[in-house]
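User: I'd like to go through this model with you, a bit at a time. Can we start with the loops and then move on to the ligand?

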Amino acid sequence: MAGTAGRCGPRAKRGVMMASDTRPGSQPRAISPGTQGDDDQQDTRLRPARLQDFVGQPQVKENLSIAMAAAQLRGEPLDHVVIYGPPGLGKTTLANIIAHEMGAAIKVTSGPAVERASDIASILTGLQPNDVLFIDEIHRLNRAVEEVMYSAMEDFFLSWVVGKGLSARNINLRINPFTLVGATTRYSLISAPLRDRFGSVFRLDYYNDADMATVVQRSANIMGIKGDAEGLDEVAVRSRGTPRIANRLLRRARDYALVKADNRITGPVARESLDRLGVDAKGLDETDHRLLNNIIDKFNGGPVGLDTLAASLSEDTSTVMEVLEPFLLQQGFIERTPRGRVATRLAYEYLGWPWQGTGSDATQQGNLFG
Ligand SMILES: Nc1ncnc2c1ncn2[C@@H]1O[C@H](COP(=O)(O)OP(=O)(O)OP(=O)(O)O)[C@@H](O)[C@H]1O
Ligand SMILES: [Mg+2]
């Protein structure tokens, strides 16, 4: 049921990013979690290749390393894995690490790129023993492709129909054992039968400040960027718990330091350069401020329905839900309630509004990925 909803539901995350990043006359958000400009090219250099270099997410790393060691001792491929969480937290990175640690090759595709059963069949028959097949945006696989995946995942066996009507033929084929690594920002949109066929599910969460500081320090070392602890920490805390954003803000702070400040990212240099990008002390930008101010000012703190809120921001609802809200929820600035979105006391105080006692007093995170 969830899977069906997903297919005709909100647009894919990249589509959503585009909607948010390319509004006429607007600059891309410096703190957008999706890829931008030269991110991809730079990311390959910064992407950790081994599990020991993957910062943070201790539980994921521990469970994954046990599962990989056990598979290696048994001489089998790792059981299929699904990794989910918001953009920029390391899903693709982990998929590559899994292949690397298992000494396997990785083949990469994505849900929307595989259209027909024969497409997935040709990918699967091309796999060598123990290869990793990485399917990004796995919640967007269509039904026909998913159905081929079921027996492929369970028994390493393919069965699909070629042709139509009287000329239709059934094809059955054995394939090499492999590991499927699926990634998604929307776990609940993966259909139940597909979900059931994964051996492990790993959820990546926003990184804490200490882990973000390590990410920034590591990237600064790799890029040969000079800066003191205060400057690099400032970049870390403004990066919304997201390594991709940290790497981008670090590059922008480096540029600013080069032009204006003796090529060193100190505390004041980091603050000045990120202020100029419109990224405040907690990593919020003008769009976040607008969203929170709207709830507080126009809707009296909420609750306000998603559609109404999106309309007041001239954004579409999926952009609000998938791009704007998750970090604000996680930080405790807003809450999702059955009657709509509510600004918390923290939001009032952070933005300098007198607390009315109308919104929520809680600062705990809501359900991020439902
Ligand atoms: N745990 C980590 N330690 C160090 N760097 C990381 C970590 N996770 C991610 N990164 C950095 O952040 C970048 C973005 O990560 P990645 O592309 O894996 O995110 P993603 O979850 O796949 O995002 P998307 O949902 O947009 O596909 C990586 O290139 C890497 O440099
Ligand atoms: Mg990715």
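Analyst: N263 is partly exposed because it has 13 other C-beta atoms within 10 Å; the scale runs from buried (20 or more other C-beta atoms within 10 Å) to exposed (12 or fewer), with partly exposed in between, and C-beta atoms are placed from the backbone. Bear in mind that this is a predicted model, where local features need pLDDT of at least 70 and side-chain atom pairs count only at pLDDT 80 or more, while totals for chains, interfaces and linings use all residues. Residues are numbered from 1 along each chain as its sequence is written, and chains are lettered from A and ligands numbered from 1 in the order in which they are written.

User: What is the phi of N263, and where is N263 found?

Analyst: Most residues other than glycine have a negative phi. N263 is not a glycine, yet its phi is positive, about 60 degrees. As for its place, N263 is in the loop between α11 and α12; helices (H or I, at least four residues) and strands (E, at least two) are DSSP runs, numbered from the N terminus.

User: Is D262 buried or exposed?

Analyst: D262 lies in the loop between α11 and α12 (267–276), and its phi is positive too, near 65 degrees. Because D262 has 9 C-beta neighbours inside 10 Å, it counts as exposed.

User: And L189, is that buried or exposed?

Analyst: L189 sits in the loop between β6 (179–184) and α8 (192–195). Its C-alpha atom is separated by 9.1 Å from that of I138, 51 residues apart along the chain. With 22 other C-beta atoms within 10 Å, L189 is buried.

User: Which helices each supply at least two residues of the shell around ligand 1?

Analyst: The shell has 20 residues, the closest being D43, G90, K91, T92 and T93; a residue is near a molecule if its C-beta atom, placed from the backbone, lies within 6 Å of it. The helices that each supply at least two are α3 (39–46), α5 (91–102) and α11 (243–260).

User: Last one: how much of the protein chain counts as buried?

Analyst: The chain has 16 helices and nine strands. Of its 370 residues, the share that counts as buried is 40%.
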